[in-house]
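Trainee: I keep running into labels and I'd like to know what stands behind them. Can we go through them one at a time?
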Amino acid sequence: MASPLQNRLVGTIILVALAVIILPDVLDGEKAETVEEFETIPLQPEQEVALQEPQPVPEETRARLQQNDAENDESELEKTADTAQPINNDDSAATLQAPPREPKEFAADGEAYVIQLGAFSNADSVNKLVVQLRDKGYAAYSERSGRLTKLMVGPDTSKAELEKQLPALTKLTGLNGKVLSYKP
């Protein structure tokens, strides 16, 4: 038989266990649930909207705009002519030009290609290359990608035409490009 001390210990343990299990639920009180209230957005009332008729530009303003455009074009040509320097100084690079392209009709299937000549950390040198390639008749542009600036030529719907331009671009710039699919 168990001694009275053992009986008291077992009884005390049972009471403490019940207190630990049941007391938190009793003392926690009534649980409150948060109910989110939704506000409804009223419908937009129907209104009749009349489009504004275009107003003609006065002749004075038109003449002034054309004069400003002509002045800007001349100043940009002077700036690019001063900053553009050829990469290769040999005579064969100076005579290279982009191949002439005739506009062709094509099915708009969404496929286009572009030549990536390289990715550089110095954006100024890429801009000089873009100016030089544009002077030679290529459709060149730069594209930022993180800390790098990519030198691109194109886009074009014909992958074969771009591949034909790769040797001339390599000779002109000294960069080995690759044809990639173009996603605007």
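Trainee: Where is Val153 found?

Mentor: Val153 is found in strand E3, residues 148-156. Strands (E, at least two residues) and helices (H or I, at least four) are DSSP runs, numbered from the N terminus. Before we go on, this is a predicted model, where local features need pLDDT of at least 70, side-chain atom pairs count only at pLDDT 80 or more, and totals for chains, interfaces and linings use all residues. Residues are numbered from 1 along each chain as its sequence is written, and side-chain values use heavy atoms, with hydrogens and water left out.

Trainee: Why is Val153 called buried?

Mentor: Buried means under 20% relative accessible area, exposed means over 50%, and partly exposed is in between (1.4 Å probe, protein chains only). Val153 has a relative accessible area of 2%, so it is buried.

Trainee: What does Val153 touch?

Mentor: Contact means heavy atoms within 4.5 Å. Leaving aside neighbours within four places in sequence, Val153 is in contact with residues including Val114, Ile115, Leu117, Leu133, Tyr138 and Leu162. Take Leu133: it is 20 residues from Val153 along the chain, and their C-alpha atoms are separated by 8.6 Å.

Trainee: And Gln116, is it buried or exposed?

Mentor: Buried: its relative accessible area is 15%. Gln116 has its place in strand E1, residues 113-120. Not counting residues up to four places away in sequence, Gln116 touches Lys150, Leu151, Met152, Gly177, Lys178 and Leu180.

Trainee: Where does Lys178 lie?

Mentor: Lys178 lies in strand E4, residues 178-181. Lys178 and Leu117 are 61 residues apart in sequence, with 6.6 Å from C-alpha to C-alpha. Among the residues Lys178 touches, beyond those up to four places away in sequence, are Val114 and Leu166.

Trainee: How many helices and strands does the protein have?

Mentor: Five helices and four strands. Along the sequence they follow the pattern α-α-α-β-α-β-β-α-β. Buried residues make up 18% of the 184 residues. As for contacts with a separation of 6 or more, 72% of them are between residues 24 or more positions apart.

Trainee: What makes Arg62 and Glu59 a salt bridge?

Mentor: A salt bridge is a side-chain nitrogen of Lys or Arg within 4 Å of a carboxyl oxygen of Asp or Glu. The side chains of Arg62 and Glu59 meet at 3.3 Å, N to O, so by that cut-off they make a salt bridge. They are three residues apart in helix H2 (residues 59-83), so about one helical turn separates them. Arg62 is partly exposed at 37% relative accessible area, while Glu59, at 57%, counts as exposed.

Trainee: How many salt bridges does the structure hold?

Mentor: Two. Lys164 and Glu161 also meet in a salt bridge, at 3.6 Å, N to O. Both lie in helix H5 (residues 159-173), three residues apart, about one turn of the helix. Lys164 is exposed, with 60% relative accessible area, whereas Glu161 is listed among the buried residues of H5.

Trainee: Where do H1 and H5 bend?

Mentor: The bend at a residue is the angle between axes fitted to the seven residues ending there and the seven starting there. H1 bends by about 35° at Ile22, with Pro24 following within four residues. H5 bends by about 30° at Leu166, with Pro167 following within four residues. Just after H1, Gly29 takes a positive phi of about 85°, and H5 is followed by Gly174, whose phi is positive, near 80°.

Trainee: One more: why is Val20 called exposed?

Mentor: Val20 has 57% relative accessibility, so it counts as exposed. Val20 is found in helix H1.
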